[in-house]
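Here is a short briefing for a reader new to this structure. Begin with the display, then take the points topic by topic.

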Amino acid sequence: MSDQTAQPESTTRAQGQGARGVWGDGGSPGASASSLSRRGLLRAAGAGAAVVGGGGLLEACSSSIKGAASSSTTSTTGTTKDIQVAFIHPLTGALADFGTSDNWIVSEISATSQYKAGITTGGKTYKFNITSYDTQSDPTRAGQLAQQVASTADLILTSSTPETVVPVATTAEKLGVPCVCGNVPWQAWYSNLGGNPTPGKSTFKPKWTTMYFLGVNDLCNAFIPMWNRIHDQLKTDKVVGCVFPNDDDGNAFRAAWPIFAKAAGYTLIDPPPYTDGLTNYSSFISSFKSSKCDFFTNVPLPPDFNVMWKQAAQQGYKPKLATVAKVLLFPSDVQALGNLVNNVATDAWWAPGMPWKSSFTGQTCAQVASAFTAATGSQWVQSLSNYSLFEVAYTALKSVSDPHDKAELADALFNVNIEGLAGQLDWTSSKNPAPGVVDTPCVGVQWKPDSSSKFGFSMQVVDNTLMPNVPLTGTLEPTNK
């Protein structure tokens with residue numbers, strides 16, 4: 001099979017033969033947060049080859065979507081028009097790391113008995129057609145792709161950061177297309193759809209879109225316990241340097257972090273927001289050094305962090321513990337920085353040690369991680385959690401009388417309750433922070449040298465405050481002593 005990344009969009013037919021937001025006043029974003037400021041809601045700005053499935057390579061033909069490869073379809077007795085699933089995600093560009101496992105996921109999903117057999121309802125069998133669309137890490141293109149597939153797709157799946165998911169979800173909501181979203185902090189997703197993520201005020205209910213992923217509240221509540229442990233160990237100053245960009249994630253973090261940090265006794269040094277793509281961070285670094293910031297946190301695009309972290313090392317800024325979000329999530333980030341990643345902490349929303357199983361095959365997280373490495377030769381990645389997009393899709397589709405009835409399917413998304421590879425996904429729970437949202441927690445991890453691994457580094461779980469049922473695999477250590 002040809003390299004799937006050579007062609008941004010690809011299609012497979014599973015046919016049995018071979019396919020971050022802000023809170024306002026009143027309420028608390030988490031158990032450790034105090035009451036909130038009146039400024040309240042701050043809207044986040046923002047907006048190959050055919051895949052092998054089962055046993056063979058699928059025939060491609062022309063499509064109305066520029067750049068998309070489309071498979072041929074046939075009708076036989078007892079069957080009807082295929083279910084069209086559009087998967088919109090970044091495979092190239094600055095966010096490409098988030099999509100590194102996606103083609104493998106689609107191949108695995110298409111080989112499951114559920115997707116190969118299709119959906120049978122009312123005496124009719126509906127096969128699946130899964131088409132992949134590369135956003136090229138461009139928010140504008142993401143929205144355009146959603147608009148282009150709106151008339152032909154029965155269901156849109158989308159994943160990986162607000163830059164991708166927000167424009168797709170808002171377009172799906174506007175045009176009335178069922179949509180399942182993953183890997184986007186829920187506050188950014190919810191506020192951009194028009195909701196208020198303030199606890200107790202999250203009453204707006206999207207009609208067409210649902211999502212699962214952690215929130216800024218989870219990241220804060222995962223990072224602060226690690227700060228506390230290093231503070232107790234080294235008797236540090238409780239001062240934190242922040243580098244937040246002027247984008248969806250940065251705006252969400254800038255609004256939420258003061259609430260959590262103040263409640264935990266930390267002072268934030270938070271310079272003005274910067275524009276994505278900044279190449280000189282000297283003023284930030286100088287401020288952190290003069291303010292004796294023993295802790296550091298940020299939420300940048302991965303290429304921006306590489307530049308900033310190298311400059312910090314060159315200019316002698318060495319925080320006792322760095323806790324970063326959105327970066328150092330994937331092995332390629334580690335390779336780009338080498339030893340500079342030693343004991344930098346981040347979050348993990350998915351790891352081999354998590355106690356979940358595929359609702360299709362019964363494979364555990366550890367087994368799926370091993371299968372990915374065996375098939376690709378690459379280290380496991382957290383975005384294997386995107387597998388659950390297809391679990392949610394299948395669960396909703398098999399519950400409706402007509403999979404082409406978009407209104408019926410959208411309603412079904414809000415009634416999904418399964419344990420999947422990404423965890424317990426229950427949109428009916430009264431514990432959900434907002435309508436359409438399933439908040440999945442995370443653990444704290446650090447990258448450490450690993451002589452037993454051919455990859456040289458491994459991601460170790462060093463804090464399980466939010467998920468005690470996930471075993472620790474390493475010891476939390478200072479980034480710098």
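At 1% relative accessibility, Leu-328 counts as buried; buried means under 20% relative accessible area, exposed over 50% and partly exposed in between, with a 1.4 Å probe and protein chains only. This is a predicted model, where local features need pLDDT of at least 70, side-chain atom pairs count only at pLDDT 80 or more, and totals for chains, interfaces and linings use all residues. Residues are numbered from 1 along each chain as its sequence is written, and side-chain values use heavy atoms, with hydrogens and water left out.

**Positive phi in loops**

- Leu-328 sits in the loop between strand S14 (321–324) and helix H10 (331–337). Helices (H or I, at least four residues) and strands (E, at least two) are DSSP runs, numbered from the N terminus.
- The phi of Leu-328 is near 55°, a positive value in a residue other than glycine.
- Most residues other than glycine have a negative phi.
- Thr-161 also has a positive phi, near 75°.
- The loop that holds Thr-161 runs between strand S8 (155–159) and helix H4 (162–175).
- Thr-161 counts as buried because its relative accessibility is 3%.

- Thr-209 belongs to strand S10 (residues 209–213).
- With a relative accessible area of 0%, Thr-209 is buried.
- Neighbours within four places in sequence aside, Thr-209 is in contact (heavy atoms within 4.5 Å) with residues including Ala-169, Ala-172, Trp-189 and Phe-414.
- Thr-479 lies in the segment after strand S20 (457–463).
- Thr-479 is buried too, at a relative accessible area of 11%.
- The side chain of Thr-479 reaches the backbone oxygen of Asn-343 at 2.8 Å.
- Asn-343 is also among the contacts of Thr-479 beyond four places in sequence, along with Trp-309, Pro-319, Lys-320, Leu-321, Ala-322, Asn-342 and Val-344.

**The whole chain and its core**

- The chain has 13 helices and 20 strands.
- Of its 481 residues, 59% count as buried.
- The chain exposes about 17300 Å², and carbon and sulfur atoms supply 48% of that area. Accessible areas come from the Shrake-Rupley method with a 1.4 Å probe; for residues, only the protein chains shown count as cover.
- The largest nonpolar core has 139 residues. Such a core is a set of buried Ala, Val, Leu, Ile, Met, Phe, Trp, Tyr and Cys residues joined through side-chain atoms within 4.5 Å.
- Helix H6 (residues 216–234) gives the most to this core, with nine residues.
- Trp-189, Trp-257, Phe-296 and Phe-390 have the most contacts inside the core.

**The largest pocket**

- About 380 Å³ of space lies in the largest pocket. On a 1 Å grid over the protein atoms alone, a pocket is an open set of points where a 1.4 Å probe fits, with protein on both sides within 12 Å along at least five of seven lines; lining residues have an atom within 4 Å of a point. Points are joined across faces, edges and corners, and the volume is the space filled by probe spheres set on them.
- The lining has 17 residues, and Thr-100, Phe-372, Thr-376, Ser-378 and Val-381 are the closest to the pocket's centre.
- Helix H1 (102–111), H10 and helix H11 (365–376) each give two or more residues to the lining.
- H10 gives the most, with three residues.
- Seven of the 10 residues of H1 are buried, so H1 is largely enclosed by the rest of the structure.
- Among the buried residues of H1 are Asp-102, Trp-104 and Ile-109.

Methods
Polar contact = N/O pair within 3.5 Å; in protein donor to acceptor, adjacent residues only side chain to side chain.
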